[in-house]
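Thanks for making the time this morning. I would like to walk through a few local features with you, so please have the sequence and the model open as I speak.

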Amino acid sequence: MALSHASTPEQIPYSSQGLVVLGLESSCDDTAAAILRRYDDGRVEVLAEAVSGQNEDHAPYGGVVPEIAARAHTEKIDVLAKKVLRESGLSVRDLDGVAATAGPGLIGGVMAALMTAKGIAMGAGAPLIAVNHLEGHALSPRLTERLDFPYLLLLVSGGHTQLLIVEGVGQMTRLGSTIDDAAGEAFDKTAKVMGLGFPGGPAVERFAKTAQDPERFELPRMLARDKSCDFSFAGLKTAARRAWEAIEKPSDQDRADLAAAVQSAIARHLTERTRRAMEMFKARFPDEAQPRLVVAGGVAANAMVRASLKAEAEAQGFDWLAPPLKYCTDNAAMIALAGAEHLALGDVDGLDAPARARWPLDADAAKTAPASGSGRKGPKA
Ligand code: KG4
Ligand code: ZN
């Protein structure tokens with residue numbers, strides 16, 4: 001059920017004024033700020049949001065250049081924080097909490113939002129919430145939907161491809177993840193080889209639309225016999241590069257056909273692995289009358305990926321949900337929401353919370369993959 005978004009606090013038929021949280025995001029190549037109010041019943045009202053992308057800065061390199069990203073974040077994060085405060089008509093004294101992505105991500109970028117958040121939290125006398133970016137994606141559907149736990153989440157972005165059971169705030173179990181590239185990376189790297197432009201995902205999707213014969217390229221079925229929920233995209237990337245290099249003078253039609261072949265191979269792989277995860281979810285929660293599959297992350301913007309997953313979810317008896325596109329890609333509203341949900345549980349951080357390049361979301365991964373920082377909010381074992 002979609003939530004109604006009342007435009008003024010007077011219209012909201014609840015006595016509680018909820019929690020007002022500023023969220024900041026700068027872990028990859030989008031600088032973003034958002035302010036939202038989260039009511040005690042979980043309802044959310046986004047009061048203001050702003051995002052500044054860096055595609056033009058990175059386009060000449062065909063990928064995100066960490067130094068360029070960090071500099072752009074540092075220049076823009078304060079401006080965006082001020083902008084959302086101004087647009088929401090609030091001052092820092094109205095904030096109940098200040099949330100920032102503290103990892104995982106490009107460390108120079110992560111530091112930009114985290115440092116700014118610390119300064120604002122100090123000035124506001126409000127607690128800091130150091131948010132795991134992946135948890136932001138995991139909770140993002142709750143920005144616009146009344147969505148109860150547990151649900152199955154497929155997180156597909158430029159840096160991550162994971163299947164998780166989300167059982168509560170801070171409670172995630174990983175069913176599978178990529179053993180090499182992320183799905184978004186597979187799009188980006190193939191697009192780079194074919195000279196389609198950056199970011200690769202939207203470029204591949206655009207070219208694929210004009211394909212005449214996507215079947216002419218045979219691309220491998222990744223992990224076809226593997227019984228886990230893991231993903232692998234390296235073989236596909238190599239096969240696509242070989243196919244591309246074998247074409248003597250590539251035309252736009254060649255580009256379109258190969259782009260379409262790559263897109264359907266990625267969509268098929270994501271769907272096959274998610275089918276396994278849905279089976280596991282049903283076995284684990286046999287009493288869940290209406291299980292739910294949520295797809296989040298930048299790759300969820302892809303129409304074919306969405307359609308393929310939706311069809312499979314329906315076949316498996318799952319409700320299918322994806323956040324609106326602006327909340328599928330990196331954004332600060334999801335960070336503010338994750339911050340507000342932790343704050344509502346009294347779960348806040350000290351101003352010494354570290355920026356972390358690595359920060360696995362689930363407890364099992366935490367046992368084998370130590371994070372670079374030592375913050376209390378690290379993976380809870
Ligand atoms: O979630 P996101 O904005 O950033 C992180 O990686 O955290 O995801 C970005 C990724 C990029 O790899 C981009 O190529 C991919 O999402 N992407 C798409 C589409 N739009 C963005 N991939 C396929 N089709 C799209 N339409
Ligand atoms: Zn992301």
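Along the sequence, the residues that donate to the zinc ion (ligand 2) follow the spacing H-x3-H-x192-D. This is a predicted model, and everything I quote is computed from it. The donors are His133 and His137, each through NE2, together with Asp330 through OD, and they sit at 2.1 to 2.2 Å from the zinc ion. His137 belongs to helix α4, residues 133-139, while Asp330 is found in the loop between α10 (325-328) and α11 (333-344), so that this pair links distant parts of the chain, 193 residues apart.

What is the arrangement of the 4 donor atoms around the zinc ion? The angles they subtend run from 93 to 149 degrees, and the arrangement is therefore irregular, given that a tetrahedral assignment would need all angles to lie between 85 and 135 degrees. As for burial, His137 has a relative accessibility of 0% and counts as buried, and Asp330, at 15%, counts as buried too, since the cut-off is under 20%.

Asn302 lies in the loop between β9 and α9, and with a relative accessible area of 5% Asn302 is buried. Asn302 caps the N-terminal end of α9, placing a side-chain oxygen 2.9 Å from the backbone nitrogen of Met304, and the Asn302 side chain also reaches the backbone nitrogen of Val305, at 3.0 Å. Leaving aside residues up to four places away in sequence, Asn302 touches Phe187, Glu205 and Gln263.

The helix itself covers residues 303-315, and at 1.5 Å a residue its 13 residues should span 18 Å, which agrees with the 18 Å between its end C-alpha atoms. Which residues of α9 are buried? They are Val305, Leu309, Glu312 and Ala313, and because they fall within an arc of 100 degrees when seen down the axis of α9, they line one face of the helix. Glu314 and Ala315, on the other side of α9, are exposed. The cover over the buried residues includes β6 (151-156), α8 (252-284), β9 (292-296) and β10 (319-321). Just after α9, Gly317 adopts a positive phi of about 80 degrees.

The buried residues here are Leu236, Ala239, Ala240, Ala243 and Trp244; down the axis of α7 they fall within an arc of 135 degrees, so they line one face of the helix. Those buried residues pack against α5 (183-194) and α8, whereas Arg242 and Glu245, on the other side of α7, are exposed.

My last stop is Val110, which is placed in helix α3, residues 107-124. Is Val110 buried or exposed? Val110 is buried, because its relative accessible area is 0%, under the 20% cut-off. Not counting residues up to four places away in sequence, Val110 touches Ser26, Ser27, Thr101, Ala102, Gly103, Gly105, Ala355 and Arg356. Val46, by comparison, is 64 residues from Val110 along the chain, and the C-alpha atoms of the two are separated by 23 Å.

Terms used. Residues numbered from 1 in each chain as written. Chains lettered and ligands numbered in written order. Predicted model: local features only at pLDDT ≥ 70, side-chain atom pairs only at ≥ 80, totals over all residues. Heavy atoms only, no water. Helix = DSSP H or I, 4+ residues; strand = E, 2+ residues; numbered from the N terminus. Expected span 1.5 Å × (residues − 1). Buried < 20%, exposed > 50% of the residue type's maximum accessible area, 1.4 Å probe, protein only. Arc of directions from axis to C-beta. Contact = heavy atoms within 4.5 Å. Polar contact = N/O pair within 3.5 Å; in protein donor to acceptor, adjacent residues only side chain to side chain. Donors = N, O, S within 2.8 Å, 3.2 Å for Na, K, Ca; no water. Tetrahedral: all angles 85-135°; square planar, octahedral: opposite > 155°, others 65-115°.
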